[in-house]
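Keep the structure open while reading.

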Amino acid sequence: MADKRKLNSGDDRLPESDRQFLERTNVGQMVRDVLGKIAANRPADPVLFLAEYFDSVEDQSNLVSRAEQVLCMTHHSRPMFECNVRMAYDILIKHKVAKKLYGINGTVYNNLIRVLCRNIPPAVVNKLLRKVGCQDFEAVSFDVFKWGMFTCFVLQDYVQLAEQLFSSLDMQKSGKADKVLCDAVLEQLRMALASNRADPRRIVESGYSLGPEGLHTVLDRVLKRGSRGQSCETSEQFILEAVEAFLTKVKKLQ
Amino acid sequence: MAEGRPLNCNLKTPVLLSVGNQKTEFVSGCKIIDVTFPNIIAPEIGEIRFKNYYVALLTIKVKFRVSSENNEPGADVKWKTCVRKMKLMPNAYTETGSQDFFSITKKQFSCDLINVTVLRLILQQPAPVWKDFHLENLKLFHPFEPSRPTALPAWLTDNTHTNTASSKNLEGMPSVEKLSSLMQELWALSEEASALQSSKSMGRYEVDGCYEINLLSYT
């Protein structure tokens, strides 16, 4: 309504310039914002980024989804990610805990993690939350928040890779892979993940056992044992086991 | 050379043997040092090191722990001589060897020093020209096992299969190359996650979902 009245009154006087129009409708500021964000985040698909940005720019009410949007703007390996985490934290800090009490508590934090991980199996998310989750009443500091977000995003990449690994093990594309084969691969993975960065020899060994040469030896041994094709493993089971190996490297929040 | 720390043992103060009553001063030229091993379960001695101080002859006797089956009370535990009258000074009246460093190793022992309860060092100095004689810095060491050259890991010496690309693909198996690269990426991601962790603390007191009551009472 206010805009309309202004428009009318503008008509009475001088015709509105382009700049004035952009400023009045706030489009100029908005486009400037999104251009800045696109330059900072360098998304792989800028057009999709734009579409998603404007899609959600209307919905500013839900803090968690706003934070999610900010966090998803760039990949976690980019330096900008850290700034985005800060921004998300600043958004969430407006969360109302009680009367005149604002901040991030475990409820919001866990909620955000669940929202971010909506594409990965719930069993996996539960396992993650057991490590990085907070109690509902706990106040979440930025350090913890940052660590949690980072772990969450790395885990997502990890799950994606594990899915790929499974699908390449699943030769018939039947959604089920040979259990013996899966076990052998997971065992190798577990061994590599158990290596500590302080022990260079273990690292070299793990590197070898995951290399084509080492993997070949192991798989060859499995093949020769000839007990293949007796039982199968589904993708979920496989991913869950792979994630378990991953989460052993994540320290529990104390 | 023995490696590592010396054995944790109890060195008793040297006892000077005297003949007759205490009023008649007669220096026997013989001292005894007893060594016990209170905190070691099965002490094994591989080397004895010390710096000589005018000791001419050294004899070492040992008492072994009796094995449990014939461990009757009052069982006759004999002293065994491990080193008999070893010459530390070629001539007791001259300086040679009087302040040398000595290391007596397994080669010089007449028996293996395993399960020792007491070790008795008998120091003798027949020459009365020296004011005092003793051993300095007496230390006992575990037998030194020559460190075996660390075996090369199997994967370094393993050349059972050739490097040809054709052998890398097993029948009825996914491409090993692809699996390998995926698994390496997984590994890298897990390292990334573990690298970020530092000492972030929520200040929780509970351990496995329970509170330690003692911790709480102080806060």
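A salt bridge here is a side-chain nitrogen of Lys or Arg within 4 Å of a carboxyl oxygen of Asp or Glu. Arg49(B) and Glu47(B) meet that test, with their side chains at 3.0 Å, N to O. The model is predicted. Over all chains, a search of the whole structure finds 14 salt bridges.

- Arg49(B) is partly exposed, because its relative accessibility is 24%.
- Glu47(B) has 4% relative accessibility, so this residue counts as buried.
- The cut-off behind that call is simple: buried means under 20% relative accessible area, and exposed means over 50%.

- Side chains of opposite charge can pair when their charged atoms come close.
- Lys146(A) and Glu82(A) form a salt bridge through their side chains, at 3.6 Å from N to O.
- Lys146(A) sits in helix α9 (residues 142–169) of chain A and Glu82(A) in helix α6 (residues 80–92) of chain A, so the pair ties together parts 64 residues apart in sequence.
- Lys146(A) counts as partly exposed, because its relative accessibility is 22%.
- Glu82(A) is also partly exposed, with a relative accessible area of 48%.

**Helix α10 of chain A**

- Helix α10 of chain A runs over residues 179–193 and has 15 residues.
- From first C-alpha to last, α10(A) reaches 20 Å, close to the 21 Å expected at 1.5 Å a residue.
- What happens at the start of α10(A)? A side-chain oxygen of Asp178(A) comes to within 3.2 Å of the backbone nitrogen of Val180(A).
- Asp183(A) and Lys179(A) form a salt bridge through their side chains, at 3.4 Å from N to O.
- These two residues, Asp183(A) and Lys179(A), are four residues apart in helix α10 of chain A, so about one helical turn separates them.
- Asp183(A) is partly exposed, with a relative accessible area of 31%.
- Lys179(A) is partly exposed too, with a relative accessible area of 27%.
- The buried residues of α10(A) include Val180(A), Leu181(A), Cys182(A), Ala184(A) and Val185(A).
- Also among the buried residues of α10(A) are Leu186(A), Gln188(A), Leu189(A), Ala192(A) and Leu193(A).

**Salt-bridge network in chain A**

- Which residues are linked in a network of salt bridges? Glu187(A), Arg190(A) and Glu241(A) are.

**Nonpolar surface patch on chain A**

- Seven names make up a nonpolar patch on the surface: Phe21(A), Leu22(A), Val27(A), Val31(A), Leu35(A), Leu50(A) and Phe54(A).
- Together these residues have about 530 Å² of accessible area.
- Helices α2 (18–25), α3 (27–41) and α4 (46–57) of chain A each supply at least two residues of the patch.
- Which helix gives the largest share of the nonpolar patch? The helix is α3(A), with three residues.
- Leu22(A) is found in helix α2 of chain A.
- Leu22(A) is partly exposed, because its relative accessible area is 38%.

**Cysteines**

- How many disulfides does the structure hold over all chains? The number is zero.
- Cys182(A) has 0% relative accessibility, so this cysteine counts as buried.
- Cys30(B) counts as buried, because its relative accessibility is 12%.

Key. Residues are numbered from 1 along each chain as its sequence is written. Chains are lettered from A and ligands numbered from 1 in the order in which they are written. This is a predicted model: local features need pLDDT of at least 70, side-chain atom pairs count only at pLDDT 80 or more; totals for chains, interfaces and linings use all residues. Side-chain values use heavy atoms; hydrogens and water are left out. A disulfide is a pair of cysteine sulfur atoms within 2.5 Å. Buried means under 20% relative accessible area, exposed over 50%, partly exposed in between (1.4 Å probe, protein chains only). Patches are made of residues with over 30% relative accessible area and no salt bridge: like charges are joined within 9 Å, nonpolar side chains (Val, Leu, Ile, Met, Phe, Trp, Tyr) within 5 Å. Accessible areas come from the Shrake-Rupley method with a 1.4 Å probe; for residues, only the protein chains shown count as cover. The expected span of a helix is 1.5 Å times one less than its number of residues. A polar contact is a pair of N or O atoms within 3.5 Å; within protein, one must be able to donate a hydrogen and the other to accept it, and residues adjacent in sequence count only if both atoms are side-chain atoms.
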